[in-house]
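I set out here what I looked up in one structure, entry by entry.

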Amino acid sequence: MKILTKWLRAYLPDLPVDDAQLAEDLTLRGIAVEGVYDLGDGSGSLYEMDITTNRVDAMNHYGVAREATAIYGLTLPPLDFKLPQPKPVAKPFSVRIEAEDACGRFTARVLRGVTIGPSRDWFAGAEVATYFGLLEQKQISNAVDATNFAWIGMGQPTHVFDLDKIEGGIIVRRARKGERVKTLDGVERVLDPEDLIIADHAKPLGLAGVMGGWDSMITPETKNVLVEAAWFDPVAVRRTARRHGLHTDASHRFERGADYNAAEVASALVSSILLANGGWIEGDLVDARVPAIEARTANRKPVELKLSEVRRILGTTIDAEGITAATVEGVLTALGCGLAELAKKAELAKKAELAELAKGNEVWLVSQPSWRLDLEREIDLIEEVARVYGYNRFANTLPAFGEGVRALLWAAQESEVRRTLLAAGFHEAIGSTFCSAAEAALMAPQPGLAVPLGNPLSEEAGVLRPSLVAGMLAMIAGNLHRDVSDVRLFELGTVFSGTTEKVDERPALSFGAVGTLPEQGALHAARAIEFHDVKGAVEQVVGRFQSRTVLFDRFLAEAGLTPEWLHPYRAARVVVDGMTAGWFGQLHPRVAAERKLKEPVLLGELYLDRLYKLPLRQPIAREISRFQPVRRDFSLVLDESIAWEKIDQAVAGLRIPELVEWRAREVFRDAKLGAGEYALLLGATFQAADRTLREEELQEFQARVVEAVGKVGARLRS
Amino acid sequence: MGVGPEVETDYYNFESMNFPPGHPARDTQDTLVVAGQERRPQRDRLLMRTHTSPVQMRTMESQPPPVRIVIPGKVHRNDAADATHSPIFHQVEGLCVDTNITFSDLKGTLDHAMKALFGSAVKTRFFPSFFPFTEPSADVQISCIFCGGKGCRKCKNSGWIELLGCGMVDPAVFAFAAEKQPTYDPKKISGFAFGMGVERIAMMKYGISEIGSFFAGDMRFLGQFV
Ligand SMILES: [Zn+2]
């Protein structure tokens with residue numbers, strides 16, 4: 001919105017500051033001037049305004065001038081347009097408000113014998129040509145210019161009809177099913193029974209408060225005019241405008257609340273511009289009012305305002321005197337409020353020993369101006385006091401603080417997961433919250449529970465992600481397609497499942513890696529990242545939690561248990577304390593091919609809601625033994641179907657305190673083994689805390705190990 | 001610290017934050033909605049939360065005053081992506097409710113927080129603004145962290161940078177909270193709330209020109225912040 005200081009100064013010739021200062025003072029009071037442009041000698045400045053939606057009353061020249069009067073303690077002259085005496089008429093023009101819930105006031109003025117043509121300047125200090133020229137507002141004809149002038153000058157939407165196109169009179173009503181109207185934009189519109197319209201006795205004329213009709217518009221041939229200035233209900237106008245996909249100056253104002261009392265003045269303003277080119281007024285202003293709406297706009301019940309409440313909410317000012325009764329009265333009066341001081345809580349004052357104590361107990365009954373529908377409650381008035389007094393005149397104080405910081409439920413665990421992966425050389429990324437339905441079907445841990453959006457940004461973002469894998473894959477692909485070949489990423493985020501009635505949200509972790517490790521360099525050999533690198537990262541993450549067991553297993557492809565986005569033979573499930581905590585492995589070659597990814601992509605997902613049930617691992621130090629450790633190796637032969645996990649568990653199951661460490665030292669396959677078999681060198685270390693182990697003890701331990709691994713299918717190699 | 005769901009109901013995201021159904025203030029936050037909500041009562045309809053403010057209400061419903069909480073979180077808007085707009089972004093919200101919490105406390109708290117974030121030389125100033133869930137409402141500017149207030153390209157020569165929105169909790173919001181926790185009586189308690197966009201601050205602080213960089217997972221971008 002644009003404001004001319006020349007126009008403001010026409011309302012307020014005594015403005016005591018220059019344009020730059022005025023802009024700053026207005027801005028500090030929430031009437032934000034975003035830009036000040038000098039228009040050259042004698043023309044003042046053009047302000048580019050940014051006014052918040054609650055202040056529609058200030059989105060025009062007169063409204064901004066009113067704000068200035070509050071700042072500088074000036075008086076704003078009322079808008080008053082002298083009209084010639086009307087010629088009497090036997091029967092006044094007929095106006096009927098049928099939709100009394102949606103139209104609070106409708107004024108109609110009949111002008112006859114007008115000449116439609118270029119508008120003339122008609123009174124000193126308000127020149128259409130000058131102002132429109134500075135605003136770069138095109139002059140069209142006196143009829144259009146008049147309504148634009150009322151809009152820009154005082155923010156009141158008005159409309160002018162060709163009177164001779166109106167049959168009978170005006171009815172403000174809801175449309176009937178099947179009715180049509182062609183609006184000023186040339187669009188033929190089918191009306192909805194909820195649309196609020198202006199009609200005559202035969203047909204709809206236009207959309208009330210939104211846009212006039214084509215057939216009754218002013219043309220160069222128009223001789224007789226009906227000037228409309230009305231008040232329409234915000235919700236009714238908003239619904240009509242939305243239904244027809246329209247947003248006009250008029251609908252903007254009515255949706256946010258117009259000034260009930262402005263109709264008459266605006267009608268006079270429009271009429272006087274039109275009459276400057278000749279013509280006369282026929283009959284008095286027809287003014288149809290709905291008392292119920294008048295009572296909740298122009299004649300609202302006054303609001304009680306206590307000075308003590310002003311101080312309770314606003315607090316300390318830099319100025320020692322603070323907010324006084326005089327401050328409150330000055331601000332509110334300048335803004336157009338009426339203040340009647342109540343009995344000042346007289347009894348309270350009497351009870352107080354010192355008369356001084358009565359100060360600060362002022363109570364007012366504040367009546368609200370018709371143009372400020374946003375002033376409804378005591379707090380609204382307190383805001384006005386703070387705003388005009390100046391926000392930056394309040395002190396910076398701190399509230400008392402009595403408690404320690406309570407962190408989020410999962411804060412420690414989440415930060416541990418993040419730290420672990422960052423240390424492992426992964427970067428943290430944030431992917432899209434949405435994915436395609438096809439990706440959801442492929443990647444969701446539970447099928448059929450993806451939640452679709454009603455108005456997605458695109459088809460590729462049609463559902464809430466049930467898995468972080470889709471986003472991870474997109475980010476990896478993005479890097480590869482930009483020729484970034486070394487990628488290690490992870491994401492901590494929310495995954496969604498459920499129905500459109502109830503959506504479940506859980507924390508998850510995804511990770512992905514492509515390229516070489518370490519990055520290619522001159523001083524070291526680099527090798528391709530492979531499955532076990534990612535497995536190592538997963539082990540580190542899971543290892544941060546206090547679990548009883550962690551194992552990785554895999555299934556035969558035929559079992560149908562491996563997620564379809566993973567390679568059937570290069571994938572593993574993460575099982576923590578018997579719960580599936582996630583999956584990882586190499587991307588399925590088919591999915592990789594679909595995305596034109598030639599490099600093997602390693603990626604996976606952990607279900608953090610399950611891991612977060614576990615506390616973080618708290619290391620407990622163990623005494624380091626002074627006695628000699630003894631290492632024994634077992635050369636085992638196993639069927640290919642028996643994984644290390646089984647051996648590991650069998651050894652752990654022995655619970656021999658002196659068996660302090662064991663691991664797979666070597667795996668090999670050679671011709672001497674049977675078909676489908678492999679050899680494993682199991683290294684075990686025995687050590688006691690309190691003694692040197694004797695040979696008999698060691699032999700017993702060895703025998704127990706052989707027996708335990710034998711039970712899961714391993715035999716000693718001869 | 002507090003968090004809340006990213007999929008919210010209309011009630012928590014809008015109605016209880018004093019955006020009545022059909023109110024133009026809703027236009028300022030274009031919303032992504034979950035499919036199939038048309039038949040449900042308006043207050044139960046599911047949507048992607050457009051701000052972290054619903055966590056204010058969830059927190060107040062779950063405990064009587066006093067409340068002093070900071071709420072980080074991901075939010076979504078149905079906005080076309082450009083250099084400074086992303087349908088996904090993050091906010092940090094704060095809420096303080098107690099007896100005798102004042103506008104000057106709000107000013108002091110944010111002044112303190114901005115000095116902690118950007119250095120003790122930073123100054124703050126407050127402008128009237130409008131948010132449905134606070135009144136009085138304010139926009140907060142800090143003195144330009146690049147030029148110290150002298151004026152430069154980053155602050156468009158104004159010496160100031162707009163950083164966050166805040167205000168005193170609107171009594172209407174307390175009235176919604178009081179439906180479950182009657183101790184939120186606006187005659188007895190008061191409070192302030194503030195919120196800021198995380199990406200906006202990061203973009204300014206680190207000289208990032210495209211908000212989309214935060215959501216692309218580009219190693220060349222992320223590698224700069226190790
Ligand atoms: Zn600067």
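**Conventions.** I worked from a predicted model, in which local features need pLDDT of at least 70, side-chain atom pairs count only at pLDDT 80 or more, and totals for chains, interfaces and linings use all residues. Residues are numbered from 1 along each chain as its sequence is written, chains are lettered from A and ligands numbered from 1 in the order in which they are written, and side-chain values use heavy atoms, with hydrogens and water left out.

**Zinc site.** I looked up which atoms coordinate the zinc ion, and found the SG atoms of Cys144(B), Cys147(B), Cys152(B) and Cys155(B) at 2.2 to 2.3 Å. Donors here are N, O and S atoms within 2.8 Å of the metal (3.2 Å for Na, K and Ca); water is not among the atoms, so sites may look incomplete. The angles among the four donor atoms run from 103 to 112°, and the site is tetrahedral. For four donors that label requires all angles to lie between 85 and 135 degrees; four count as square planar and six as octahedral if opposite donors are over 155 degrees apart and all others between 65 and 115, and anything else is irregular. I noted for reference that the ideal angle for four tetrahedral donors is 109.5 degrees. The donor residues follow the spacing C-x2-C-x4-C-x2-C in sequence. I then checked accessibility: Cys152(B) is buried at 17%, and Cys155(B) is buried at 4%. The classes are buried under 20% relative accessible area, exposed over 50%, and partly exposed in between (1.4 Å probe, protein chains only).

**Domains of chain A.** I recorded domain 1 (2-72), domain 2 (95-295), domain 3 (303-393), domain 4 (411-518 + 526-611) and domain 5 (630-716). These bounds come from an automatic or database domain assignment. The centres of domain 3 and domain 4 of chain A, taken over C-alpha atoms, are 60 Å apart.

**Ser137(B).** What surrounds Ser137(B)? I placed the residue first, in strand β6 (residues 134-143) of chain B; helices (H or I, at least four residues) and strands (E, at least two) are DSSP runs numbered from the N terminus. Ser137(B) has a relative accessible area of 1% and is therefore buried. Apart from neighbours within four places in sequence, its contacts (heavy atoms within 4.5 Å) include Glu383(A) and Tyr391(A) from chain A, and Phe127(B), Cys166(B) and Gly167(B) from chain B.

**Strand β7 of chain A.** Four of the five residues of β7(A) (residues 170-174) are buried. I looked up its partners, given that two strands pair if DSSP finds at least two bridges between them. Strand β4 (residues 95-97) of chain A runs parallel to β7(A), with three bridges, and Ile97(A) stands opposite Val172(A). Strand β10 (residues 196-199) of chain A runs antiparallel to β7(A), with four bridges; there Ala199(A) is the bridge partner of Ile171(A).

**Salt bridges.** How many salt bridges are there over all chains? The search finds 69, each a side-chain nitrogen of Lys or Arg within 4 Å of a carboxyl oxygen of Asp or Glu. I examined three of them.

- Arg238(A) pairs with Glu255(A), the closest N and O atoms being 3.8 Å apart. Arg238(A) lies in helix α6 (residues 234-243) and Glu255(A) in helix α7 (residues 249-256) of chain A, so the pair ties together parts 17 residues apart in sequence. Arg238(A) is buried at 7%, and Glu255(A) is buried at 6%.
- Arg377(A) pairs with Asp380(A) at 3.2 Å between the closest N and O atoms. Arg377(A) is partly exposed at 25%, whereas Asp380(A) is buried at 2%.
- Arg691(A) pairs with Glu697(A) at 2.4 Å between the closest N and O atoms. Arg691(A) is partly exposed at 26%, whereas Glu697(A) is buried at 12%.

I also noted one network, in which salt bridges with shared partners join Arg55(A), Asp57(A), Glu67(A), Arg372(A), Asp374(A), Glu384(A) and Arg387(A).

**Backbone geometry.** I found a cis peptide bond between Pro65(B) and Pro66(B), with omega about 5°. Pro66(B) is in the loop between α2 (54-62) and β3 (67-76) of chain B. The bond from Glu135(B) to Pro136(B) is also cis, with omega near -5°, and Pro136(B) is in strand β6 of chain B.
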